[in-house]
Structure formats: structure tokens, C-alpha cells
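Here's a quick tour for anyone opening this one up for the first time. Take a look at the picture, then read on.

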Amino acid sequence: MERKWWHSAVIYQIYPRSFQDTNHDGIGDIPGIINRLDYLVNLGITAIWLSPVYQSPNDDNGYDISDYCAIMKEFGTMEDMDSLLYEASKRNIRIIMDLVVNHSSDEHAWFIEARQSKDNPYRDFYIWRDAKQGHVPNELMSIFGGSAWEWDEQTQQYYLHLFSKKQPDLNWENPLLRQKIWEMMNFWLEKGVGGFRMDVIDLIGKQIDKGITNNGEKLHDYLQEMNRETFGKYDVLTVGETWGATPEIAKLYSNPSRKELSMVFQFEHVCLDQQEGKEKWDLKPLNLSKFKQVMSRWQIELGQEGWNSLFFENHDLPRVVSRWGNDTTYRIESAKMFAILLHGMKGTPYIYQGQEIGMTNYLAEDISQVSDIEAINMYHHRLSNGYTKEEILCSINAKGRDNARTPMQWDSSQYGGFSNATPWLALNKNYKEVNVKQALEDKCSIFYTYKRLIALRKEHDIMVWGDYELVPTDERLFVYERVYNGVRWQVVANLTSEHVPFKRDRGELLIANYDNPTDCLRPYEAYIINKEI
Ligand code: GLC
Ligand code: CA
């Protein structure tokens, strides 16, 4: 496989709204990101994935874009964006833009035109259908709840929205629409961006009349065309968000010979703690054997024909310490364990802002404290279906997207150093103990575990290129090895708060979250050794 910079990269995701406010409106902004670049240099990351900063009415916090070539006023200006690109490149950090092209905002000029009349030149940029006997065209549901069809009074047709009704789906079958998207992507590539993270990209080949939304027939044709027309000429990273990917499908996207994407985010491990055939809100405990099996299958199956992205968190997911670790007694141990477990694997690791200091889920006591459209829609829907408020809040506190969206905790001052004004979303109450300032001062903090893991990846090819082998062991432990050019590293992690008998192999210790080995693995103990062979 031809070696590219992104094979050995570590990516840091920024959710700009919650990262750093500089102009005292309680909303993070681009100048705030610039101010914190040196912090990211210290951590050692290679690139930033920037959640959307484009002009948007914020129905879904920027994932509803009304102008792809303008910056959201709250975040700053295009000059700010240009200085971010400049300041980041000075520090050898690339900026990966979020590309949200399954849908636009209903306030995008294309949609404003499209809804004027059935013969408007932009009409076909979106997906319209007649009513069927006075009802919606079919049973398709929106991922944010309710029907995926919205009636348009003026033109007497329904339009499709797989997310909110302010996020109408774009019609990828229209070549002119694709042309406009290529132009927009080239605009950003010419500015020097480091690549794209492609929002719900597996939906663009949808075949609505057959009821197919993800993995439609034309999906890979569109991506090959995109590659040819835009980023294929640049040395950039592309990562698709693909909830519907299996390892077989992931190879279609990421096998270099197919000229599509660098890699995809797959979500099989992320869906393991939800009840079969139900929604993410329908909780079930994580089955550890299943977890190991799924993670290992992706490691092994992509082999030489694809590339993995490695992640536990992002702006749509809860905090991993709260979800699968222990965010009270063993917050530090379990946060480090998940870091070691993930970064030891083969693929490109992603760190979501705050993960590197072990930020935890937010406990909402009432729906008035929730901001996310997905959770709010679900709340009302379930309330009217007989669920109790307590049950629903329990699901939101476990899985809601606001868990990861509370402001970054920089220090213990009021509003955690995020802002001087009331933040758009309340801070997690633990910001006085859990914050960057504290983490930087404590040489044993979670931050330094991440820093060390990133440094190890830079120093040792085995972390990037080594083959993966699962080591069968106690159900509560996750043990695997990486093998490269006669060298063998072993990664050991206790996934539980129990003491589990396990004898450490001989070898050089590279990283650990406890001192002095014993004949047991302590709660959430994890380490990596270079085995003597
Ligand atoms: C993706 C984004 C999510 C957004 C949705 C619609 O899943 O990560 O935040 O709400 O797409 O754009
Ligand atoms: Ca601001």
C-alpha cells in the first residue's frame, strides 16, 4: 500500500461551538481555535477535523448549511478561517473540513429557489414527490423522528428530509448538482484544506422509490467521480461517515485501487449497547466478548485492502468513560485504558475534544437543559407514546449528543475558561476538577497518556503498520498483539473494575496506567509492552 501522511496521523476533532469563545457571546469561535493551537501542538496531533463552520441557521448546529462558501457569523469571518489555515499550517497541522452534502439547509439559496415552482431550474436539486391518496409518498422515516416527507403548500408536493425538515436532501442524480458540489469542494481545496470528513456520505446514493437510503446503487460511482473531479489531485485525507458499512463495504470505499476515500468511520462497535432492532435510546449493557469480536474483525478484515479509522467518541456520541468505563471511582484509570486500547490498534486514531482530559457525560435533570434537536424530538415522541419523563431522561443522559457537546473545560474559573459569558450550553459541573490546566500540571494525567501514545505512533512504525492478532484470554480482558518486521508488541487492557489474574509477559514496558506490575490486572489496568522474543 502506498504510504500517505494520514496513515500515521492522529486527528483531533473540534466542535467549534463548544471549544473556545473569544468575543464573550458564550459561543466558541474560530479565533478561539487559533488561540488553542499551541495546546494541540503540545498534544502532538497531526490534523484537526473541524465540525461545520459554514453559514447555517443552526437547526442542527451547523449540519444544516445555507452557504458552503461562507463562514457562520457567530464563528467569525472568512479572514478568520484563512488565518486558522495559515496558523495551523505554520504548526504542521492540517485542517479537515466537514463536508455536509447529503442535504443542505432549507435556507440555502438552492432550496429557496427550488420551492418557488415546479419548473424552477433548481427544483431538481432536491427530491420531490406527489402525495399518494392525500398522504405521504411512502413510509420513510426521518432519523430525527417522524415522516421523512414534508408537504410544501406552494407547489403542492412533498420534499424528502432524512434529518430535520430544515435539512432537505439533495438530489445526487442531478449532474448539475454534483457539478456545483465539486466546485465548492475545489474552492476549499484551493485554500489548502487537509481533506474532508464526509457527513452521512453513505446516503447520497439513495433510491427512494425502492425504500433504499444507505448503500444505494450509485454511491460508489458518485464517490469515484468526486475523487476524479476534486480531491484526487491533492494529498488529502478523506473519511466517510458510514453507519451502514460492513468490513466488505468499507473495503469498497477505502481500497486505494478503487480511488474513492482514505477510510470510513464504521459504527458497529458503537451500536453494541442498544437493543437489537430498536433505537439507540433503547439501552442494553455492552457485551465484552462481542465488543472484542467486533473490534478485532474490523482490524483483521480490512487487511491490505482498506484502512480503519479508530474512535470511541465524536460530537454525536456519549463520553467513553461514562459509557463503557467508570466516570466516578476509576475515571482516570478507565479513560487511560480506553486510550491505550484504541491507539494500540491499526488505523488512524481520532480524539474528540475533551476526551484527552477524560471529560464525562452531562447529567440533565430536565428536558429544558437539553439543546439537541434529536433528543428533543425523541422526548416529545416518546412522551406521547407513554414513556415516563424519567425513562426518557435516562436514555438522553446515557446516549444524548449533548453529552459530548458541553463546553471544553480549560480551567477552574467561572465557565471553565471557555467564555466570560453564559455559555450556549451549560458546562459539566465537574469542570473545577476536570480541566486542561489541571491536566497539564499533573504529569500522571490522562492528557500525558494521550501525548505519549501519539509520540509512540510517530516513533514506531509497528503502531502504524503492524499486523493485528487477538490473544484469547479471560472475557474481561482485551489482549492483542501487533507484529511487524520481527517485532511483537502486546496491548493488554482490563475492561472492568474487577481484579483479574493475569501474568505480565517479559519485555520493555512502553506505556501503562498503573505502576509496578502484580499478578493481577487492577481495575481498568492497561499497558503496552515490546515483547522479548
Ligand atoms: C451526521 C452528523 C450529525 C448530524 C447528521 C445530519 O450524523 O455527525 O451531527 O446531525 O449527520 O447532518
Ligand atoms: Ca464567540
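Two strands count as paired if DSSP finds at least two bridges between them, and the elements themselves are DSSP runs numbered from the N terminus: helices are H or I of at least four residues, strands E of at least two. What you're looking at is a predicted model, where local features need pLDDT of at least 70, side-chain atom pairs count only at pLDDT 80 or more, and totals for chains, interfaces and linings use all residues. Residues are numbered from 1 along each chain as its sequence is written, chains are lettered from A and ligands numbered from 1 in the order in which they are written, and side-chain values use heavy atoms, leaving out hydrogens and water.

**The sheet with β14 and β15**
- A hairpin links strand β14 (residues 467-471) to strand β15 (residues 477-484) through 5 residues.
- These two strands run antiparallel, with 5 bridges between them.
- Val-471 sits opposite Val-479 of β15, and Glu-469 has Glu-481 as its bridge partner.
- Both strands belong to an open sheet of 5 strands, in the order β14-β15-β16-β20-β18, with antiparallel pairing.
- At the edges are β14 and β18 (507-512), each pairing on one side only.
- On average, neighbouring strands here are turned by 25° against each other, direction ignored (axes are lines fitted to C-alpha atoms, for helices over the stretch in contact, and angles run from 0 to 180 degrees between N-to-C directions).

**Helices on that sheet**
- Helix α8 (residues 288-302) lies across β14 and β15, at about 15° to β15.
- Helix α10 (residues 331-343) packs on the sheet too, touching β15, β16 (487-494), β18 and β20 (526-531), where contact means heavy atoms within 4.5 Å.

**Strand β1 and its partners**
- In β1 (residues 11-14), Ile-11 and Gln-13 point one way and Tyr-12 and Ile-14 the other, and all are buried (under 20% relative accessible area; exposed is over 50%, partly exposed in between, using a 1.4 Å probe and protein chains only).
- β1 pairs in the parallel sense with β13 (residues 348-352) over 3 bridges, and Gln-13 faces Tyr-352 there.
- β1 also pairs in the parallel sense with β2 (residues 47-50), over 4 bridges, with Ile-11 opposite Ala-47.

**The calcium site**
- Asp-21 (OD), Asn-23 (OD1), Asp-25 (OD), Ile-27 (O) and Asp-29 (OD) coordinate the calcium ion (ligand 2) at 2.2 to 2.3 Å.
- Donors are N, O and S atoms within 2.8 Å of the metal (3.2 Å for Na, K and Ca); water is not among the atoms, so sites may look incomplete.
- Along the chain, the donors follow the spacing D-x1-N-x1-D-x1-I-x1-D.
- Asp-21 is buried at 6% relative accessible area, while Asp-25 is partly exposed at 33%.
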